[in-house]
Amino acid sequence: MKYLPKNSMCIFLCFLLAISLSACSAGTELNENNINQTVQKVEKALKDFDEDELKKYVESQTLSKIISVSSGNKQFKRLGKAIFENLSMEITEIDLQKSTVTLSVLNKDLEQGASDFARELRENYTNVQLLSKLKDEGFLSVKVDYLEEEISKAPMLESSTTITLSVKKSKKNLVLVFDEDAENAVSGGALGAIMKAFTAEQ
């Protein structure tokens, strides 16, 4: 049996480690490769509605609020996956000087359906009642079934929307910053309407 010299073994292990790290996550350096990887991870996290990955790679006031009240709830995960299932995100420009990435995004047209649903919730439940319903699996299952059906029937938007996101560094990776317009664009208008169900004055 042949043995590799210690120096060769060390170099080999370092090489494997470098490959594994580059494959697992985007780095913190602000360059085109890491921004590309981060955009890919964010698109996948939205489509899977992976709360851990969204917390890691996305800064979004609306998503943060929704996740804070729905964390770990399988019904909300179903709904999130339905909302973002048809999302596509394509990079059109990266500006390293401004630390921004411009995306062309396309999804189904979900604004009206989500608005109607949010309005129905506001008319029938107070904010306190609605928050208590988040623990009612039967209620959530019925509502999510209805919303999934409405989403499946919704048409794709006729044209894509251009959004520009700030790119920030965190300790371990880059983070994309979504403002309200960007949130609405990637969700086909649904996120704004869903938030109204929780924040509208009674």
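## Glu 59 on strand S1

At 36% relative accessibility, Glu 59 counts as partly exposed (buried means under 20% relative accessible area, exposed over 50%, partly exposed in between, with a 1.4 Å probe and protein chains only). Glu 59 sits in strand S1, residues 58-60; helices (H or I, at least four residues) and strands (E, at least two) are DSSP runs numbered from the N terminus.

Beyond neighbours within four places in sequence, Glu 59 makes contact with Lys 168, Val 175, Leu 176, Val 177 and Phe 178, where contact means heavy atoms within 4.5 Å. With Lys 168 there is a side-chain to side-chain polar contact of 2.8 Å. A polar contact here is a pair of N or O atoms within 3.5 Å; within protein, one must be able to donate a hydrogen and the other to accept it, and residues adjacent in sequence count only if both atoms are side-chain atoms.

Residues are numbered from 1 along each chain as its sequence is written, and side-chain values use heavy atoms, with hydrogens and water left out.

The chain averages a pLDDT of 83, and 84% of the residues score at least 70; pLDDT is the predictor's confidence in each residue, from 0 to 100. Over residues 14-25 the pLDDT is below 50, and this stretch has six contacts in the model beyond near neighbours in sequence. Where pLDDT is low, the predicted coordinates should not be read in detail.

## Two buried polar residues

Asn 107 is in the loop between strand S3 (100-106) and helix H6 (111-124), and is buried at 0% relative accessible area. A polar atom of the Asn 107 side chain lies 2.8 Å from the backbone oxygen of Val 186. Next along from Val 186 in the contact list is Ser 187, whose C-alpha atom is 6.7 Å from that of Asn 107 although the two are 80 residues apart along the chain. Other contacts of Asn 107 include Ile 83, Phe 84, Met 156 and Leu 157.

Thr 38, in helix H2 (residues 32-48), is also buried, again with a relative accessible area of 0%. The Thr 38 side chain reaches the backbone oxygen of Asn 34 at 2.7 Å.

## The second largest cavity

The second largest cavity has a volume of about 90 Å³. On a 1 Å grid over the protein atoms alone, a cavity is a set of points where a 1.4 Å probe fits but cannot get out, and lining residues have an atom within 4 Å of a point. Grid points are joined across faces, edges and corners, and a volume is the space filled by probe spheres set on the points.

H5 gives the largest share of this lining, five residues, while helix H4 (61-70), H5 and H10 each supply at least two. Among the lining residues are Phe 49, Ile 83, Phe 84 and Leu 191. By class, the lining has nine nonpolar, one polar and no charged residues; Ala, Val, Leu, Ile, Met, Phe, Trp, Tyr, Cys and Pro count as nonpolar, Asp, Glu, Lys and Arg as charged, and the others, Gly among them, as polar.

Notes:
1 Å grid on protein atoms, 1.4 Å probe; cavity = no way out; pocket = protein on both sides within 12 Å on 5 of 7 lines; lining within 4 Å.
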